[in-house]
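Hi there,

Here is the structure I promised to pass on. My notes on helix packing and the nonpolar cores follow below it.

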Amino acid sequence: MTTQATPRTTPKTRTTAARSPSARKTGTPESARRHNAPLLRDIRFLGRILGDVIREQEGREAYDLIERIRQLAVAYRTKRDDQAGKDLDRLLKGLSADQSVSVIRAFSYFSHLANLAEDRHQLRTARQSLKPATGSLAACFQRLADEGIHADDIAGLLNGAYLAPVLTAHPTEVQRKSILDAERGVAELIALLDEHADTPQVDLELALRARVTQLWQTRMLRFSKLTVADEIENALSYYHATFLREIPQLYGQLERALPGRHIAPFLRMGHWIGGDRDGNPNVTAQTLQLAMARQSEVALRHYLAEIHQLGAELSMSGRLIDVSADMQALTERSPDHNPHRSDEPYRRALTGVYARLASTLEQLTGTVALRHAVAQVQPYASAEEFLADLAVIDASLRGHHAAVLADLRVRPIMRAVQVFGFHLATLDLRQSSDQHELVVSELLAKARVEPDYASLDESQKQALLLRLLNEARPLRVVGSAYSELSKGELAIFEAAVVARRQLGPQAVRHYIISHTETVSDLLEVLLLQKECGLMQGTLDDAQSQLELIVVPLFETIADLQNAPLIMKAFYALPGISSLMARSGGEQDIMLGYSDSNKDGGVFTSNWELYRAEVALVALFDQLRKDAGIRLRLFHGRGGTVGRGGGPSHQAILAQPPGTVNGQLRLTEQGEVIASKYANPEIGRRNLETLVSALLEASLIQPDRQVPASFLQAADAISQASMKAYRKLVYETPGFTDYFFSATPIREIAELNIGSRPASRKATRRIEDLRAIPWGFSWGQCRVALPGWFGLGSAIEAFLSAPGRDRKTQLALLQRMYKQWPFFKTLLSNMDMVLAKSDQAIAARYVDLVEDKRLGKKILAAIRAEWDLTIQALNLITGSKGRLETQPELASFLAYRFPYVDPLNHLQVELMRRHRKAPDTRASEVEGETVAERVRRGIHLSINGVAAALRNTG
C-alpha cells in the first residue's frame, strides 16, 4: 500500500524495484531472493496502486493512518522492534469502528492482490524454468520413461481410469463472486504487464487502477446468507473461466504425448452443490432440479457458442472440396437453405446442429438460445447424438486434407462433449445415515411391515432389509400421510430418476452415506433406491441393476477402523456382489479427513486413513477376482492440512502403494477452488498435477513395499498422538469454553458465507461442530491446532520408549522421513502449517477468555506441545527452522506476514468490543450503528486473514 515503489515502465525499473528489505532479513539463500524478486516487484507495484486508490477514495488522513500501521507492522515483524510493536498495539486499540473497517479493508485487499501476484509468479517461473515443473505432464512422462514405462502402458491405464475433482459447497468460503470476477480482471492485466514488460505500460497501469478502484468500491461481504442457488452459481463460474476450455486442452496434451493411441474420457468433473443434504435443510429436490438445469444450461450454451464460432470458420466451398457422404447427408438434413450458403456444406450443417442444440436447451432447461436458430427442429435425444454429428464433421475434414482444422477446432468440442455431456458434472447425493433410518422406519411402520424398525438389532435389520429387497412390491401406501422428512428424502431419489433420464446416467451416479457405521446403513439406501425406481428388479433377479453407486463415508477414527469389516460383511450378504457386478462393478468408498482429524488429531487421522486404505485394497483385490468389483477411493480432503489439504501431487503420491490404481475422486472446497481454478492457466496446471499424480501413483508406486518397522513405528506414534490430542480437546475441563472464546468461531457462525449451519446440532459440543469451521477458526487465530497438535508428544514418547535406545529410534524416524512418502509428506505439511502459525498472535486471542486462569492453563498446554512439535520436526528432518526445503515460500511469507498481523490485532480488538454490550450509536456510515460496524469489521478481518493465509478452510 506504500507509494514508494517506482512504476513498472522499463526493464531497468523492473531490476531496481526488485529487492526486498524484509526478504533480506529472513536469512534465506540468495537464490530464493532472486527467485522471489519479480514477485515482490509485482506486489509492491500493486500495493502502490492500492495506496493511490485509498488516498483518492478515502482521503490523505486515512491513507496516512494505513501507511503508519504498515510501517509499524513491518518494523515489528522484520526488525523485531519492540517499541514499534507497542506503538502499533496502542494505535490499533485507539481506532474507531469506522477507522478499523477502513484499515481492515486496506490490508485485506492487499492480501488479495498479493495472491494474484503470487499466482502470476508461479506461471512465470514455470515458463522460464529449463526443466519441467514437478507435477506437470512433461515431468510425469519423463519420470515414467525413466522407470521404463511405455506409452502403451500409460494409454492402457488411462483407458480404464477414472479421475474426478469434486467441487463442494464450503461453509467458510468468504469471497463474493463479484470480488472474484474483479480479481480475474486484475489477473489478466498483470499477465499483460508481463507480456509487454519491455514497452511503456501507461494504459495497462490505468486499467489496473480502474480495476483496483472497482474492488475498493465493491462490497466485500454479503448482506444476506448464501442460498444453495448462490453456491451453485459460484461453482458454475469456474466452468466459464476454466474447466470447459482447459480440460479439452489437457486431453490434447495427452494425445500429443501419446500419438496414435485412444484416450478415453477418464477425467471428469463432480459436484456436491445442490445434492449434499447432510446437515443442510436448504437442499431439497427443488435445489437438485435447479442444479441439474443450470449445469445443463452452462454446458449447452458453451456448445452453442462453439458451434456458432465453428460455423464462421468452416467456410469451405463444395466447389473446391469433396465432403464425405455422411457429411453431405448431415448438410441435407439442415433447415438452412439460404442460397448464399448453398455451396458451403459445413456452414449449412452447423446451422442445423446449432438449431438442434437450441431446441435441446429449451427442452432441458426452459431457456432459449441467445442467437436465433433458423427453425424449430428435433432436439438431440442425448449428448452421444450430438457427438456423432461432430464426428461426421471431423472425419469429413480429414478426408480433404483439413486435419489441422479438425484437430484445432473440432476435436476440443468433441472432447468437451465426451467429458461434460449435457449434464456438465456428475452431481453426488449425500445424506446422513440416521436420516435414512428414520425414513425407512416410517415406510415400514405405515406399511405394517415392522412397527419399530429402529429398535431392531443389526442382524435383524439386515435380515428384514434383504427380505424387502427381494420383494417386488413397493412400500408406500396410497393415501397415507407421510412426514415432511420422508416426503423430502424420497423426492430427492425421484428427482435423480428424472435427471438421469433427461441428461444421461452420469448426471447423478453416486449416493454418499455420511456416518456409515453398519451394514444396514448401506442396505437402507438400496431399499430407498428400489422404492423410487433406481433399482431395477429385485435383489435375487438375475437381471436386476442398481443405478446409483452406494458410497459409504467413513469419517471418525472408529469408522475408519471398522470400514474394512463393514465392507467385507456387506459383500458377504447373499446377492450383493452379483448385484454390484451387474450394476457396473464399481464401488466408491469415501474417506473423511476432516472429522477423523477432529476426532483423533492430525497424525492419527492420517495413519488410520492409511491403514483403512491398505485393508480395503486387500479386500477388493479379492472381490475383483471373485466378482469383478473394482474399488475407487474418494478422498474427502479440505483446504487445511488438518483436513487433508496440502499439495495435491505429493498427497496422491503419499497414498499407500496400490491404492490409487487409476481410480481417484477427491473433493475441492472453498477458497481452495478459487486458488486453484479461478485463473485458467493455473487451473490447467492443477488439473495436470492430478493427472500426473494419478499416473505416477498407479504405474510406479505399487511395487514399493513399506518396511514393517515403519508401519510399527507409525502405529506407536499414532496411539501416543491421539492420546495427547484427546487429552487436550476432549478431556481438559473448560476446553470448549476456551475454544469458543479464544477463536472467532462465534463470529464465523454469523457470517453469510454458506447455506449450511456451522454445527450439526444446536449445542456447543466439539463433537457436534462441523470440522470445517473448527479448522477455520483455529487458522484465523494463527494456532492452526488441527494441523500439528499431538505430534510432539508422540515423537517424544516414541524416542523415550522403555527398553529402546533413543538414538536408534531417532535413526528409524529419519529413515522413515527420507524413504517413506506418507511420512515425509505429512511432516512437510506440518512444517508449512507451523510456518504460517504464530504463537505471539495466538496469545492475543487468549485475552478474550473470561476465565483468565483457564486461558493461561490451556495456552500453556498448547505452547508446550508447540515446542515439542518444533523440536520433533527439527530432529527428524535435520532442519533448524521452518520451510528450509522451501526457501522461496519462506521468503515470501516473511514479506507477507507484516500485512497479516494488523488484521489479527484488529480482529481481537473488535471481537472484544463486539462481545461486550452493543454500542447503538450511529457510525459515520449511514444506516449502521457502531455495533453493526464493529461486527462488519470482524467479518472483513476474517476475509482478510483467510485470503492472506490461503489454505485456512
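In this predicted model, helix α35 (residues 839–846) packs against helix α37 (residues 887–914) at an angle of about 10 degrees, their axes 9 Å apart. Angles under 35 degrees count as roughly parallel and over 145 as roughly antiparallel, so α35 and α37 are roughly parallel to each other. From α35, the contact (heavy atoms within 4.5 Å) uses Ile-841, Arg-844 and Tyr-845; the α37 side includes Asp-901, His-905 and Met-911.

Helices α3 (residues 30–58) and α6 (residues 97–128) cross at roughly 150 degrees, and their axes come within 9 Å. They are therefore roughly antiparallel to each other. Among the residues that meet here are Leu-39, Leu-46 and Ile-54 of α3, with Tyr-109, Phe-110 and Leu-113 of α6.

Now the cores: buried (under 20% relative accessible area, 1.4 Å probe, protein chains only) Ala, Val, Leu, Ile, Met, Phe, Trp, Tyr and Cys residues joined through side-chain atoms within 4.5 Å. The largest has 160 residues, and Tyr-239, Phe-266, Phe-420 and Phe-570 have the most contacts inside it. Helix α11 (residues 228–257) gives this core its largest share, twelve residues. Apart from it lies another core of 134 residues, including Leu-791 and Met-911.

Two notes on reading all this. Residues are numbered from 1 along each chain as its sequence is written, and side-chain values use heavy atoms, leaving out hydrogens and water. Local features need pLDDT of at least 70 and side-chain atom pairs count only at pLDDT 80 or more, while totals for chains, interfaces and linings use all residues.

Best wishes

Notes. Axes are lines fitted to C-alpha atoms, for helices over the stretch in contact, and angles run from 0 to 180 degrees between N-to-C directions. Helices (H or I, at least four residues) and strands (E, at least two) are DSSP runs, numbered from the N terminus. Angles under 35 degrees count as roughly parallel, over 145 as roughly antiparallel, 65 to 115 as roughly perpendicular and the rest as oblique. Buried means under 20% relative accessible area, exposed over 50%, partly exposed in between (1.4 Å probe, protein chains only).
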